[in-house]
Structure formats: C-alpha cells, structure tokens
Amino acid sequence: MDLCETWLVMHLMHLMGLFSFWISFRKFTTLFTRVFGFLHKIMKGNCNAWILVSFNVLLTTGSLISFTLVLSLVYSYAFSSPNSVIKSYDEINGETNSSQLQVQSYVSRDACNVFDGRWIQDDSYNNYSYPLYDASQCPFAEKGFNCFANGRKDIGYTKWRWKPNDCDIPRFDARRILEQLRGKRVVFVGDSLSRTQWESLICMLMTGVENKKSVYEVKGNKITKQIRFLGVRFSTFDVRIDFYRSVFLVKPGPVPKFVPKRVKTTLRLDKIDDISHEWIDSDVLIFNSGHWWTRSKLFDMGWYFQVGNSVKLGLPINSAFKTTLLTWSSWVEKKINTNRTTVFFRTFESSHWSGHNHNTCKVTKRPWKKTNGKDRSPVSDMINRVVKNMSVPVTVLNVTPMDAYRSDGHVGTWSDNPSIPDCSHWCLPGVPDMWNEILFSYLLQKDEAS
C-alpha cells in the first residue's frame, strides 16, 4: 500500500469515527429527554416510579459513561495524528527500499548470469567503439581469421556486443587489465578455438601498450596451426599470455599389441596430456575442448580410446569425453593451487554448419534472431555437470547459448584458404573478443571482492 492509499484509509476511518460519535450523541439526547420527563413526574409526587426506575437510570448512566471512555481510548489509538501515520509509513518504506537495494546489488555483482542476455549492435559503448582493435595492426592475429583483410566487406559483424539481462559487462580497459596482470601468467589450453581466444586477448591488450615492440613471442615462433606452444610477453608489464595446443586434454599413446589394424593411435583417457606440468605455474588457466570429439576426427582417422592397458573399441565418443573430463578434474584438484590460480573451462562454441551432412557453410550478415536449437550441446552439458561436482572452484564460461545467435561471425570463405569454407572458427575481431570481456569481468570482480 502506497502513501496515497494510506492517507485515504486514514480519513475514511476518521469519518466512520465521527459518524459513530454522532449516533451515540443522538441516543444520549433521547435518553436525556426521557430522564428529564421522568424527573418532572417525580417532582409531581410519583415516588413509586422513582423507586422502581432509579436503579435502571443509574445503570444506564454508568454504561453510557463507560462507553464514552472506551470510545475515546479507541479513537485516540486508531485515529492518531496524520503526521505520526506518515512517519511510520516512511520508516517502513525506507527499510523496504534499503532491502531492495541490497537485493539489486547482490544480483548485479554475484548472482547475475552473464550468459543470459542478447546481442546489441552498438558502435559506441562506454566511450569506446567496436571493434576493439584492428587485426591488421596486430602481429599476433592469424591471417586466416582476419576476415576484413581477406575481403569481407560487411563489417557489421564487428559491431555487436553481448548485453546480459540483469547486469552489465564492464568496459574492457586494456591499460587497467595490464596493470592488474602485472607480473602474472595467463595460460590457454585447448584446440584452435582456444588459440583464437588467445590471439584475441593479445590484440585487445596491445591497444594499451605504447611501445608495440615491447610485445613479442618468447621463442620467436610464428603462429601455426600445429605448434604446441606459443607464448607472448608484455615486457613493460612483465605479463605472459601463453597457449598450449592440447585438443583432447589427455595423452595420445602408442598402439598396443594385438589390436585391429584400423587402430592407428589411442587416446589414454585416464592420463592427462604429458605437457600438463607446464600449465601448473600460472595465475589464470583457461581450458577448452570439444570440436575434435567427432567421428571424423577420431575413428575415421584411426584414433580409438584406451583406459589402462585396455583398448575400448566400442566406447561411444560422449562416454570417452566424460571420462576425459573426470581425468582432467582430478588433475586440477590434485595439481592446481586454486588459492593462486583462477581456473576456467569454456564450453563448446556453436558452429553453424548446415545441410544434410552438415557440410554447408552460409555466413549471414546479421546474427540469428533465434538460437535454432544450437544453444545446447551434449559437450557443454557434460562440462557443466563435471565442474559442478569438483571439490575446487572452477568457473564455466558457458558461451554456447550466446554463440548460437552469431551465424554472422564465422570465417566462411574469408580466410587464407577461401576454397574451404569455415563455419566453426570466428573472424577477428569478433565473437572471441566478447569471451575475453566476460573472462576479465570475472577476474575484476574477484579482485574487488578480495
């Protein structure tokens, strides 16, 4: 009930009280007239009436006095001054507003699902414009992902940002983040989609560096699709951004004896990748896996699964992936000091292949208005379930639903090999930049909380 409603009820109660008092007064007047007439008779000598009725008169008078006293007490309690009623309401309203502010603060800082939202086309957001960088000016942006340089003319795909429904993602401030990362090491582990995010982050951070030559690959390596390690150092800030190629996260092994000839290589589902010791000494650790867990990338290439000394020829791919996640989660729990290292796992990135055999790639000019069923993935669901049951904190970057809309963001035929269309990888700048904005929104929130 608001203030106006309370004022109306208060005055209505006043009117009811006055009406009750008027009725009581009329009854009292009638009684007084009858008593006066009776006394007149007494004055004429009707003493018998006096003796007979005197007790009733006293009883009636006492009841009237008692009624009047009770009515006065009730009236003073129920119809207190307007100022006191408004003051009480204001106090209650103030407590309610304070509670609402606390709830809103909680939702925006701690309980907001940043992956529940929509894409908004925005040329100028928080005093800066999309795209966040020019890939042609970033030496670490892979040529095959620089769609604009490869001939794509509609640059609208670079002008979209993700807007959560219940909060905002902080503006990406490259200089501030470099200061935050000073003396630290960020490590990406996964497949080529992980490498894309790694390239995106480096290009984003380079916008905050004055001397571009102070940023370099630590071993002088060029970016290639098969290289297992790439590390870029921001020397002015003593920051390392590393990438390790581990598409399955577990260890490939030699072919055991006495197995069918179709088995060319096995994946040791119970053994983490042998380069995992290089991931440990990190401050931020981001994993991904999923795009290689397909029949064409595994069975058709002679890759099968092994647990212990046993080759699991009939093991379904989804079951193998779950076993891999359990191996990975056990390794994280045993090897990673989560008091120092913040761990993330990015979910499956929606691809937009179409056609009967999912081999047709049609890149649109604008994002889809609906997810068309691509907002869910068995791979992502398994990642969420396994992480939920871990004994150490790991944050899932659940990008699957948000990526589902971005049918416009893929490389398509604007790559270094246009004869092979690509609806799995993303243009740079583009969607992976938003992954990094979300990543650092978590890191900024963690620093503010500590």
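In this tour, a cavity is a set of points on a 1 Å grid over the protein atoms alone where a 1.4 Å probe fits but cannot get out, and lining residues have an atom within 4 Å of a point. Helices (H or I, at least four residues) and strands (E, at least two) are DSSP runs, numbered from the N terminus. The model is predicted: local features need pLDDT of at least 70, side-chain atom pairs count only at pLDDT 80 or more, and totals for chains, interfaces and linings use all residues. Residues are numbered from 1 along each chain as its sequence is written, and side-chain values use heavy atoms, with hydrogens and water left out.

**First stop: the cavities**

The structure holds 2 cavities of 30 Å³ or more; a volume is the space filled by probe spheres set on the points, which are joined across faces, edges and corners. Select Tyr-130, Thr-158, Trp-160, Gly-430 and Asp-433, which lie closest to the centre of the largest cavity among its 13 lining residues. This cavity has a volume of about 70 Å³. Helix H9 (residues 431–449) contributes the largest share of its lining, 4 residues.

Next, select Ile-169, Pro-170, Arg-171, Phe-172, Ile-177, Glu-437, Phe-440, Ser-441 and Leu-444, the lining of the second largest cavity. Its space is about 30 Å³. H9 again gives the most, with 4 residues.

**Second stop: the largest pocket**

A pocket is an open set of points with protein on both sides within 12 Å along at least five of seven lines. Select His-291, Lys-297, Trp-353, Ser-424 and His-425, which lie nearest the centre of the largest pocket among its 40 lining residues. The pocket contains about 1,200 Å³ of space. Helix H5 (192–206), helix H7 (378–388) and strand S17 (422–426) each supply at least two residues of its lining.

Strand S10 (residues 303–307) and S11 pair in the antiparallel sense over 3 bridges. Within this region, Gln-306 has Val-311 in S11 as its bridge partner.

Key. Pairing = 2+ DSSP bridges.
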